[in-house]
Amino acid sequence: MSREAVLNLILAAGFLVFPLWAWMAEEPFLITLATRAAIFAIAGVGLNIALGYGGLVSLGHAAFFGIGGYAMGILASHAQTYTPLLEWPFLVEGTKSMPVIWIVAMLASALAALAIGALSLRTSGAYFIMITLAFAQMLYYFAISWPAYGGEDGLPIYVRNGFPGLNTLDPIQFFALVYALMLATIAVAALVRRAPFGLALNAARQAPERVRAVGISPYRLRLAAFAISGTITGLAGALFADLNRFVSPAMFSWQTSGEIMVFVILGGTARLFGPVAGAALFIALEHLLGGVSDYWHVFLGALLLLVVLFGRNGVVGILAGQEARRG
Amino acid sequence: MSLTLLVEQILNGMQFGVTLFLTASGLTLVFGVMGLINLAHGSLFMVGAFAAAATAAATGSFLLALAASIAAAAAAGAIIEVGVIRRLYARDHLDQVLATFALILIFSEGTRWLFGSFPLYLSIPDALAGPVTLPGGIRYPLYRLMTIGVGLVIALGLYLLITRTRLGIRIRAGEADREIVAALGVDISRLYTVVFALGAALAGLAGALVGAIQSVQVGMGEPVLILAFVVIVIGGIGSIRGSLVGAILVGLTDTLGRFLLPGFFRLFMDNSAATSVGSALASMLIYVLMATILIWRPTGLYGARA
Amino acid sequence: MKTRNLLLAACAAALIAGSAAAEAVKVGMITTLSGGGASLGVAIRDGFMLAVKQAGAKDLEVIVEDDQRKPDIAVQLADRMIQSDKVDILTGIVWSNLAMAVVPAATAQGKFYISPNAGPSALAGKGCHKNYFNAAWQNDNLHEAAGAYANQAGYKKSFIMAPNYPAGVDALNGYKRFYKGELAGEVFTKLGQKDYASEIAQIRASGADSVFFFLPGGMGIAFLKQYAQSGVDIPLIGPAFSFDQDILQAVGDAALGVRNTSQWNKDLDNPANKAFVEAFVAEYGRLPSLYASQGYDTANLILSAMAKADVKDADAFRAALEAADFDSVRGAFKFGPNHHPIQNIYVREVIKEGDVYTNKTIGVALENHADAYAKDCKM
Amino acid sequence: MAEPVLAVEGVCKSFGMVRASDNVTLDLRPGEIHALIGPNGAGKSTLIEQICGGLEPDAGRITFLGRDVTGLGTVQRARMGLARTFQISALAMEDTVIENVLLGAVGAAGGAFRFLRSALRDRAFRARAEAALEQVGLAEERWMRAGDLSHGQRRALEVAVALTLSPRAFLMDEPMAGLGASGSQRMTGLLRELKAQAPILLIEHDMDAVFSLADRVSVLVQGRVIFTGSVAEIRAHPEVRRAYLGEDA
């Protein structure tokens, strides 16, 4: 087994052991913290498919995170007020069922990612960064000024949505659910990576003209990658909304896009478990440094800077080193 | 709606655009020459504003405050170029984004550490206070007219700098190929420090000029940064001319959109619904503009064709 | 000298309080201490902690955390305070959107939430809760007072303006609820907008006799400076948020003479207020702001309830809070049926005292004013 | 005479005032190696891009396998069986050799929208890739990263990727460039083998290789084909000697 595989196992196990320990020690907040990190990790796993594998530097993934969040918020708010979502042309009721919400969230973000991707992928480089940001900003301002679902005030959901057979209000059970989804999305990412699709996507990042020359369109590869990426980030958004029992336009803000990107880069771009390491480290830092000083952002900034300047390939890169990958 | 009001709004749009140009020009210069995405540009804008406010409070002189804003931002720019930025030129955009994002955190909270959480006072000098009457009976604030003037002078200055001076030749050569420049015996790293400090100084000056009619507070840089990026992307990254055109386009679109859209929706909606829909659309308008332009021309208006 | 007496008195009060409630009460304060909106959170915290210090209450433990003005961080902190720190009472949130994220869940878990600032209408009307108290105002209150003041001042044609987000919409609705004249124009600006040339031109062209605006924070600073430069001299009215002690210094001359509405001012003539202003200046070396006064009142409200009841006895403690038996710095203060204040709202004018810009109370806009949503509240 | 596999007829392309392709006509017949030579700046790269579909000609037409492909893009022409190698190696340098070759196998199978199975474990893909590596002599290096290969090995890898496509025609852009004498020799041998699989349009500077491999040679000067003929005819042609071989004597 390569060093990276060992590290991945340790990360996966650590992510499970820590909340279990917190559960035994009756520190429910630490479980919540771990849940939060796991959700951000899912968002990062999503972005990593576009950014790490496809080389698509999207500064607009908050769009999908937010769409996922609002899918949950809208469905659940209609369910809690017993008002139908749509009466015409056919009746659509809200729902408090997590699986349904997840599917809607993923479908909605997949469609949005297809639309945004189809337009944005006409550009490249810094222009791509900025056009994805532009689309997220449009949704941000729309969400702020759209009064139906709370506008800037956001939308509180009073009770966490349900999952058959589980009590989702119990922190450890909700964590277990999120953890399982995190592993599932990582498995999807691994599958995508090793499949012919991932092989071609990876090649398209490095040598698009070569991919074209073997009869594969890089544009379509990238668009599909962007859609898969947006779908997973959308799922994370729905989970995040359920964790907080609240959605607001802040989920669409460019800072959110930036943070998801930080998780990926901090952990190690294009590394399977990079987003997991990045999100865990970021949340841990936020938690530990936040208590030290009002000005803890200075230390966070300095630390990020050190990682970028001296630790290429993020945390996973530092720990696992540069190893040739094997499919 | 009177014609005078429309003309005044167009003037407002121009003025807003020129202020945007002040911030965007430094960003596009750095981006064009070094290929660097500098998210911390907004922080340099803030440094300029804070330096100006502190100097104005200490000396009472607006001119000294402007000088201080340029000096402080240029110094901050030179320091971060030597300390951090120059290690990023060879890296990809991702590392640049992350590192300069980290710089934002450090600058913002560092400034709050030094100056506290409360907004600072910075106002325009008495000589420039109040409105003047323009031909056609429009009363327009003198300071805003002056900002338009300063912006245009800087645009001209940058144009001359790049086309007519030795430094400009080196900058253009550096854009083309840094190895050629190095081969010509130019100290490329000093050149980059100078260019970066120049970009920072422009941002600092913009911060002081804008801060005097807006507000000087921590966090003032980020909204400006986003707008500046919108401008340079519309104009085509690296093109000074593009950033001027882009800035004025964004300024006009934003100002006229805010002004005209609610009225447009009033034609077929009730008053308060029109106001709210119109304003919502107006706030998204510049991003719609940017996306449309990029879809039409993927490298901006004056960007190099891929 | 005076401060010391006050402290002694507070200690004595604390001793009495200590005898009534034996167990320490834990208060979790979630407020904005970093980033752009930090000045408000800092003021609330400083006011609150001043009251705690004055009371010398040993049985009160306050945990202060920074929410960075992000709803998700606020929720996370609330979860932590409830789950790990086991707080009894939450307070501190500055912004309506953060309050909406935290309050419903916290009160549903049986915790008390005392708001020192935000008062969204959803929490005052249908969404009210027996464990939610607002010690500041319902969001619409100051805007309603501005509308009432416009009538008193004889304005017939107002131009009204606010950012396009729920609090902005509420502001304009609040103003219109009391204002009886006609509107010369109604404009929603972009949230966070810093250039108001376009709006000022519209104001000039509108033929209005008064301008009502609600632009909190940096937006207000920018608008006031630009308005002063524009040569338009239509009188301005606004809620106190843009004329707060901490902001005024950054606006300077541009704010002089502007009338604004507030439930508090530093010159309100009551002993509690005099003592508060003096103690605040002595402690922090600056004049207290509106937010500081609200933080101070919030703390004193909690202390007054602690003196009467044990926080573990929720019903008794709630009754003690409802009584609001403390000396508010705004004078008379009581809660309405939806746990929002019934209080006077004053009209203030911005003046310059020596080198310091501040406000002077010039009249009362609304007396014993309650909010419009109380009737929808069913507890 | 057999129907040509690839035909360029009267193709013109200008960039501003520069005529990069000036009424170019040439064809590639089954079983041959047709070499295209010309000095730097003669318009070879522009012509290749037009044949591959990266650039659209201003006038003229290009047919491949009897079909007019002038309006088709690179991807479609590649799918029809036009395989090219690049002058400057265009490989996924971070990936292993086998992954680079697998890419060709994936392309040949008609698209990359397969998600479920690992590309490396897919028998059909793997067999095709291994065969190509075997043929160019890179089987031993299959787990090396492309970026760690020597220059000559990269040139061979380029050819291997083209091979996996089972093409109907090869278009090789200076496969000998930068190879030493022994490297050139090996590549020459390889191309001679490939000719049996599909005809090769060979753009090359290495005259020894051209003269030993080519069945026909076309000379491109200033965007025009000034001569097409056998190796012997080319050697003898005075205009070619003057224009291209630079012999003014």
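Predicted model: local features only at pLDDT ≥ 70, side-chain atom pairs only at ≥ 80, totals over all residues.
- In soluble globular proteins, nonpolar side chains tend to sit buried together.
- Take C:Ala78 as an example: setting aside neighbours within four places in sequence, C:Ala78 is in contact with C:Ile30, C:Leu90, C:Val102, C:Ala105 and C:Ala106.

**Chain C on its own**
- Chain C is built with 13 helices and 13 strands.
- Its radius of gyration is 20 Å, close to the 21 Å from the globule rule for 379 residues, so chain C is as compact as a globular protein of that length.
- Out of the 379 residues in chain C, 66% count as buried.
- If you look at contacts in chain C between residues at least 6 apart in sequence, 72% of them join residues at least 24 apart.

**Where chain C meets chain B**
- Here, 31 residues of chain C are in contact with 41 residues of chain B.
- On the chain C side, α2 (38–55), β7 (182–189), α8 (197–206), α9 (218–230) and α10 (245–251) each supply at least two residues.
- The largest share of that side, 7 residues, comes from α9(C).
- Sorted by type, the chain C residues touching chain B are 10 nonpolar, 15 polar and 6 charged.

Terms used. Residues numbered from 1 in each chain as written. Chains lettered and ligands numbered in written order. Contact = placed C-beta atoms within 7 Å. Helix = DSSP H or I, 4+ residues; strand = E, 2+ residues; numbered from the N terminus. Nonpolar A, V, L, I, M, F, W, Y, C, P; charged D, E, K, R; others polar. Rg over C-alpha atoms; globule rule 2.2 N^0.38 Å. Buried ≥ 20, exposed ≤ 12 C-beta atoms within 10 Å, placed from the backbone.
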